[in-house]
Amino acid sequence: MIVLGVDPGENVTGFCIIEEASAGPRWISGGKIEPPKDAPFPARLLATYRHVKKVVFEYEPDEVAMEGIVHAKNVRSTAGMAQVRGVIALAAAERDLSVFEYTPSEIKQSVVGNGAASKQQVQYMVERIMKTGRSLSPDEADALAVGLCHLHRSGRVGRNLGNLLRTGRSRTSFKNLRRLEESKT
């Protein structure tokens, strides 16, 4: 099972490709789609659509998972986000792929164990779980968290992603998470 995880954004959209493997989820690729900010919004939507379409064609995922829209105070940004999500769903629909949506709190709960976790905590845990071999951008890390959440929620990664961390190094990971959070204050 190959999953395209997407963190849609008006200016930057993160994406990742992960695979369900017998030893746990395996990171294949990822990146971010960053159309020129000075381009008209329809041109940015087209660039995002084309890039997602290219990723879908190249990696042939079985399913697509993306962060859903949450209630926002800014109606304009919510509308823009909905349009970005629409072009992503269109690229998936052209290949007959199912699209699954998860709330930010569901994603954070799956990866960190806390639905109110910070972006830094999510990035830290995703990099530790997946061992990507490189530092991820926040948008990539969020997309990877969406993909992991999907594998977890669909029952493809055991009962709980936390089980992946409950090895000898897990206590260190959770201690480091606490230190990261404490250093913010």
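Which handedness, left-handed or right-handed, does the crossing of α1 and α2 have? The tour of this predicted model comes to that pair after a view of the whole chain.

**Whole chain.** Following the sequence, the elements are arranged as β-β-β-α-β-α-β-α-α-α-α-α. Next, colour by accessibility: of the 185 residues, 47% are buried. Among contacts with a separation of 6 or more, 62% join residues 24 or more positions apart.

**Helices α1 and α2.** Select residues 41-59 for α1 and residues 75-93 for α2. Two packed helices are described by the angle between their axes and by the distance between those axes. Here the axes come within 9 Å and cross at roughly 35°. The crossing of α1 and α2 is right-handed, which answers the opening question. Now show side chains at the contact: α1 supplies Phe41, Leu45, Thr48, Tyr49, Val52 and Lys53, while α2 supplies Gly80, Gln83, Val84, Val87, Ile88, Leu90 and Ala91. Sorted by class, the contact of α1 with α2 comprises nine nonpolar, three polar and one charged residues.

**Ser137.** Finally, centre on Ser137, in the loop between α4 (119-130) and α5 (138-153). Is Ser137 buried or exposed? Its relative accessibility is 14%, so Ser137 counts as buried, the cut-off being under 20%. Leaving aside residues up to four places away in sequence, Ser137 touches Lys32 and Gln123; select both to complete the view.

Technical notes:
Residues numbered from 1 in each chain as written. Predicted model: local features only at pLDDT ≥ 70, side-chain atom pairs only at ≥ 80, totals over all residues. Heavy atoms only, no water. Helix = DSSP H or I, 4+ residues; strand = E, 2+ residues; numbered from the N terminus. Buried < 20%, exposed > 50% of the residue type's maximum accessible area, 1.4 Å probe, protein only. Contact = heavy atoms within 4.5 Å. Axes fitted to C-alpha atoms, helices over the stretch in contact; angles between N-to-C directions. Left-handed = near helix turned anticlockwise from the far one by under 90°. Nonpolar A, V, L, I, M, F, W, Y, C, P; charged D, E, K, R; others polar.
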